[in-house]
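User: Hello! I am new to this structure and would like to learn how to read it. Could you take me through it step by step?

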Amino acid sequence: MDVSKATYSRPPTVFRAATKKLSWLPYAVLGLVAVLAVSAVVMLGYQDTSLEQPEPSKPVVAPPRYVYVDLGANSGDTCLMFLQDPEAPEKYDFPTPEGKTHADAEIHLFEANPSFNTDLVDLKQKLKERGININIYPSTPVWIESTLLPFYIDSGNKHAAGSSLDPSHPDPVRTGGKSVNLTSVAIAQWLLERFLPEDFVIVKMDIELAEYSIISNMAAMSAGHVIDYIFVEWHSWLIKGDDPRVAQSAEAVKQLEAQGVKFPSYSTLSRKRRRAA
């Protein structure tokens, strides 16, 4: 046997065997490449929803409000007049925006005299049972600023119709001038903080001489931009014509009218006279 020949023929046999064993390698490489390619496509298309920002929701726009603000609510009689309640002492047709009734209004009652606190709570309960919610502010005078003030009580009759912030008001003077210290609300600021020009706001004002200062303050504060109507009981028979408050308030009315406020004629004098009788 030729040894050199035998030795030379062995390597090709081993090489062929190794080549046969590695014949699967190209397919494995191709498979791996395919897997990696698919994974890359999936990863590129994948979004982590936990990091997504929610789409901002559209703001909810509240409809315009219909508002009745009663300054000097007494026992709540004018509120009943506003609601056209059968128990109201008089009838008065307050304006309403289109599509609304008086019962739809947001109602706020301010009264300084503590004698009426119980009456206002009883009225709130009574109207609640009828499905009408009102907001009451008992023992709360309205003024041009929020501060502690003496409030002078008319103790001449049970309705205390002449109670006032003004110490010169003849009714408290006539009946002894008793006073209580109360914290006032800056009503012009209160209105501006709560309402918008598109709201339909009615203000009724029967506050025994304080109307002169408050109307002037409302004009100075541009509160007319959020008020549609002001029904004022002007106590002209209790104030001298040369009092500077008279001219100042007359000018203020013009300014408020220029801001869009209407001033219908309004008086509760007949009701007061019947009460005092």
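Analyst: Gladly! Let us start with a word we will need: a residue counts as buried if it has under 20% relative accessible area. Please keep in mind that this is a predicted model. With that cut-off, buried residues make up 40% of the 277 residues in the chain.

User: How many helices and strands does the chain have?

Analyst: There are nine helices and nine strands in the chain.

User: Now the buried residues. Why is H7 described as largely enclosed by the rest of the structure?

Analyst: Of the eleven residues of H7, ten are buried, so the helix is largely enclosed by the rest of the structure. Those buried residues are Ala210, Glu211, Tyr212, Ser213, Ile214, Ile215, Ser216, Asn217, Met218 and Ala219. Their cover includes S4, H6, S8, S9 and H8. Just after H7, Ser222 has a positive phi of about 60°.

User: How do I read the packing of H7 and H8, and at what angle do they pack?

Analyst: Look at the angle between the two axes and at how far apart they lie. H7 and H8 pack at about 40°, with their axes 8 Å apart. That angle makes H7 oblique to H8. The crossing of H7 past H8 is left-handed. At the contact, the H7 residues include Tyr212, Ile215 and Met218, and the H8 residues include Val246, Ala252 and Leu256.

User: What about the sheet? In what order do its strands lie?

Analyst: The general idea comes before the case. Strands of a sheet pair through backbone hydrogen bonds, either parallel or antiparallel. Here, five strands form an open sheet in the order S3-S2-S1-S8-S9, with parallel pairing. Its edge strands are S3 (134-138) and S9 (229-232), each pairing on one side only. From one strand to the next, the twist averages 10°.

User: Which residues stand opposite each other in these pairs?

Analyst: Let us take one pair at a time. S2 (residues 106-111) runs parallel to S3 and is joined to it by five bridges. Leu109 has Ile136 in S3 as its bridge partner. S8 and S9 are also paired in the parallel sense, over four bridges. There, Val203 stands opposite Ile230 in S9.

User: Which helix lies across S2 and S3?

Analyst: That is H4 (residues 117-128), which runs at about 170° to S3.

User: Which way do the side chains of S9 point?

Analyst: Tyr229 and Phe231 point one way, while Ile230 and Val232 point the other way, and all are buried.

User: How should I read a nonpolar core, and which residues touch the most other members of the largest one?

Analyst: In soluble globular proteins, nonpolar side chains tend to be buried together. The largest nonpolar core here has 36 residues, and Leu191, Met205, Met218 and Ile230 touch the most other members. Among the elements that each supply at least two residues of this core are S1 (66-71), H6 (187-194), S8 (200-205) and H8 (244-258). H7 gives the most, with five residues.

User: Beyond its neighbours within four places in sequence, what is Leu191 in contact with?

Analyst: Leu191 is in contact with Val69, Val203, Met218, Val226 and Ile227. There is also a second, separate core of 24 residues, which includes Tyr68, Leu80, Leu127 and Ile202.

Notes. Residues numbered from 1 in each chain as written. Predicted model: local features only at pLDDT ≥ 70, side-chain atom pairs only at ≥ 80, totals over all residues. Heavy atoms only, no water. Pairing = 2+ DSSP bridges. Axes fitted to C-alpha atoms, helices over the stretch in contact; angles between N-to-C directions. Contact = heavy atoms within 4.5 Å. Core = buried A, V, L, I, M, F, W, Y, C linked by side-chain atoms within 4.5 Å. Buried < 20%, exposed > 50% of the residue type's maximum accessible area, 1.4 Å probe, protein only. Parallel < 35°, antiparallel > 145°, perpendicular 65-115°, else oblique. Left-handed = near helix turned anticlockwise from the far one by under 90°.
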